[in-house]
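Here is a friendly walk through a two-chain complex, written to be read with the structure open beside it.

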Amino acid sequence: MTGTSTSTGQHAAPPTGGDDPFPAEFSHPAGRDLALEMLRRMYAVRLFEEATIALFHSGDLPAMVHLSIGQEAAIVGACMATTTDDYMTGNHRSHGHPIAKGARLDRLMAEILGKATGVCGGKGGSMHLADFSVGSLGESGIVGSAIPVATGAAFAAQVRRSGQVALCFFGDGAANEGVFHESANIAGTWRLPVIYFCENNGLAVSAKMADTTAVPDIAIRAAGYAMPGVVVDGQDVLASYRATSEAVARARGDGGPSLIEAKTYRFHEHAYGLAVPVPYRDQAVVDAWFDTVDPIKLFVERLLRWGLAELAVIDEVRGAVERDVEHAVTFAKESPYPPPEAAYTDLYAETPEGSA
Amino acid sequence: MSTSTTRRASGAERAAQLGFLQAINEAQTEEMTRDERVVLMGQDLRANVFGAANGILERFGPARVRDLPLSEAGSIGLAAGASMAGLRPVVDLTVASFVFGAMDQFVSQLAKARYMFGGQARLPVVIRAALYYHGGTAGHHADRPYPMFMNVPGLKIIVPSNATDLKGLLKSAIRDDNPVLCFEDANLWGRKGRALRPAEGVDHLVPLGVASTPRAGTDVTIVGIGQGVYLALEAAKSLAEEGVSCEVVDPRTLVPMDWAVIEESVSRTGRCVVVDPATRTCSAASEISAHVVENCFGALRAPVVRVTTDDIHVPFSPALEKQIYPSTDKVIAAVRRTLANP
């Protein structure tokens, strides 16, 4: 057993307490807006996914969902360090990434219900959200498979000298896929503007990281590919934002790729409702996380402590997100299913006239 | 078989002709000149080990000409991502047997990204790979894997049978907004693949999905793929001496297939032989045969016959290898079999 994992296959609680000085990021005039936007996006991921749980129980959900609940701070901090012009890819635990990148909730929810108004027209579903309008080049249901895609987007940005970066989300399980290593080597060699962001929740479905992975920290692997690798507290949205901002600045300045590992927690089962026959983690410990390491709760406490927001403001932020999510659910439920012939469209692009 | 009809070309004849590697060089150079979004990536590219990248680095610079590490999956995914972000990558995968290490990227990303994301993505990627069989390369370098990819919707596939078609198809492929796999039969690198050079100053394009008919005939349709076209033409020449008139159809593109030309030809001749260097089971020949039977049944006067590589891996020894592939003799025998039915 390594120092960073416990018998539940999860990380030890991050060190807390001590000084928590008012952060420089929030000191400038727009600092409060930045802090509240972080909060808003974390609520958006949380409440959107809680709505999918309700849809699961009401029988409206046509498939399982893989929830990011517990991992919101890592995702939101990373995405907020980029703009909607930057590229992003992700994985099967997919809702949080496009939400945090700025995609509209209604079209994402419609996609999850398989509706014509879905962001992928109902062809992708929960695991394969993509919203090119905000730089989301797609989530991959095949673990690790989108890592080279993000690397390629960064390559395009480098060749076009566009100043864009690519943010590549993957998990600790995917860090054992060959394409992670192939991609990281290419990025390190070509100095590509890509940020490999590992949401390490300590589990690949049921397999504990210590049982499947030779090193205690994925970030160690950065050394093999000539890029900086850092570990951050994945429950701390500001830590994720800071590390990713540094990596983005480096990438935009031709300083090459970075690897960030956010140690985080998967609060729910691999897929919501999945029945795993043999218990592989202590449910009492998992239940306690909602009190001890809930990233939203932790951030709210700090906002109050720093005097950046009063409870009423926080309730207002949450209330606005609740209304957005309610609208998204209504929009998704009321939207029509695609007609049968839609199954046969979007396979090939029409090559513009005159180009061939 | 028929080697007496071939001889060494004179210097003047050679100048009027185009070879396979020349065709690739010209297509790439012309398209990279025409469109700065086109980038070239491959193993051993800068050293031009395979001969398909003459002067490319000097002409277009290191940003657009990249030597890839031995990372086939990473490379194909890289090209997919780059195409989704505005480039038009051409990847030289060198030997077609190397596709297997990248299968997930071909199928899960390159072929599916556009469909699964509801048409948001465009993936203008060309992947070139040589069918490097019939030369003592043995099981790990001699595959002809294009039928596997015909089974994956979302990819386009070309298998040119001569250098002039190769140039025109490759240029069209680079301009196409979809992933195109170009399988190049290495047996055509030399004399067999040479063809009349397009006229000077002409932007020579062969559209994808359009078959050609290199020989017209009335008794039997022989559909050839890659070197299969050469074998079909040799067989047709020999059979003509016996008074058998063979029509040779070259699909050139396997996806999308030009079914209209094949159906029209078979409907006229009533007989069909398909020559395909791929392994027999679920080969391109199998698909073409099934299609012909389903759609031209009323016109058929004999069973459709496939001439393919046998269902076996490629053995190394010269004493073993040659027998497993299609040959002119096998094509002639297949045509005779169709003629046994009056």
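## A parallel pair in chain A

Strand S1 (residues 87-91) of chain A pairs with strand S3 (residues 166-171) of chain A in the parallel sense, and three bridges join them. To find the place by eye, look for Tyr87(A), which stands opposite Ala166(A) in S3(A). Helix H5 (residues 147-160) of chain A packs on the sheet here, where it touches S1, S2, S3 and strand S4 (194-200) of chain A. The direction of H5(A) makes about 170 degrees with that of S3(A). Bear in mind throughout that this is a predicted model.

A backbone check will flag Arg161(A): its phi is positive, about 50 degrees, although the residue is not a glycine.

## The whole sheet of chain A

What is the order of the six strands in the open sheet of chain A? Reading across, the order is S2-S1-S3-S4-S8-S7, with parallel pairing. Strand S2 (136-140) and strand S7 (229-233) of chain A are at the edges with a single partner strand each, so one side of each has no neighbour in the sheet. From one strand to the next, the twist averages 20 degrees.

In total, chain A has eleven helices and eight strands. Its radius of gyration is 20 Å, close to the 21 Å that the globule rule gives for 356 residues, so chain A is as compact as a globular protein of that length. Along the principal axes, the C-alpha atoms of chain A fill a box of roughly 65 × 50 × 50 Å.

The C-alpha atoms of chain B fill a box of roughly 60 × 50 × 45 Å along the principal axes.

Chain B divides into domain 1 (7-196) and domain 2 (212-339), and the C-alpha centres of these domains of chain B lie 25 Å apart. Where they meet, 24 residues of domain 1 of chain B are in contact with 25 residues of domain 2 of chain B. On the domain 1 side, the elements giving two or more residues are helix H7 (146-150), strand S6 (156-158) and H8 of chain B. The residues of that side are 14 nonpolar, five polar and five charged.

## The mixed sheet of chain B

Five strands of chain B form an open sheet in the order S9-S11-S10-S13-S14, and the pairing is mixed. The edges are strand S9 (212-215) and strand S14 (305-309) of chain B; each has a single partner strand, so one side of each is left without a neighbour in the sheet. The twist averages 25 degrees from one strand to the next.

Within this sheet, strand S10 (residues 220-224) and strand S13 (residues 272-279) of chain B pair in the parallel sense over four bridges. Ile222(B) stands opposite Val273(B) in S13(B). Helix H12 (residues 328-339) of chain B lies across S10, strand S11 (246-250), S13 and S14 of chain B, and runs at about 165 degrees to S14(B).

One peptide bond deserves a look: Val255(B) and Pro256(B) are joined in the cis form, with omega about -5 degrees. Pro256(B) is in the loop between strand S12 (253-255) and helix H10 (259-269) of chain B.

## Where the chains meet

How many residues of chain B are in contact with chain A? There are 38, and they touch 38 residues of chain A. Helix H4 (72-84), helix H5 (103-111), helix H6 (113-116) and helix H8 (163-175) of chain B each give two or more residues to this side. The largest share, nine residues, comes from H4(B). By type, the residues of chain B that touch chain A are 17 nonpolar, 14 polar and seven charged.

## Confidence

The predictor gives the complex an ipTM of 0.94 and a pTM of 0.94. Mean pLDDT is 94 for chain A, with 94% of its residues at 70 or more. Over residues 1-9 of chain A, however, the pLDDT is below 50, and it stays under 50 over residues 12-17 of chain A.

For chain B, the mean pLDDT is 95, and 97% of the residues reach 70 or more. Residues 1-5 of chain B stay under 50. Where pLDDT is low, the predicted coordinates should not be read in detail.

Terms used
Residues numbered from 1 in each chain as written. Chains lettered and ligands numbered in written order. Predicted model: local features only at pLDDT ≥ 70, side-chain atom pairs only at ≥ 80, totals over all residues. Pairing = 2+ DSSP bridges. Axes fitted to C-alpha atoms, helices over the stretch in contact; angles between N-to-C directions. Contact = placed C-beta atoms within 7 Å. Nonpolar A, V, L, I, M, F, W, Y, C, P; charged D, E, K, R; others polar. Domains from an automatic or database assignment. pLDDT = per-residue confidence, 0-100. Rg over C-alpha atoms; globule rule 2.2 N^0.38 Å.
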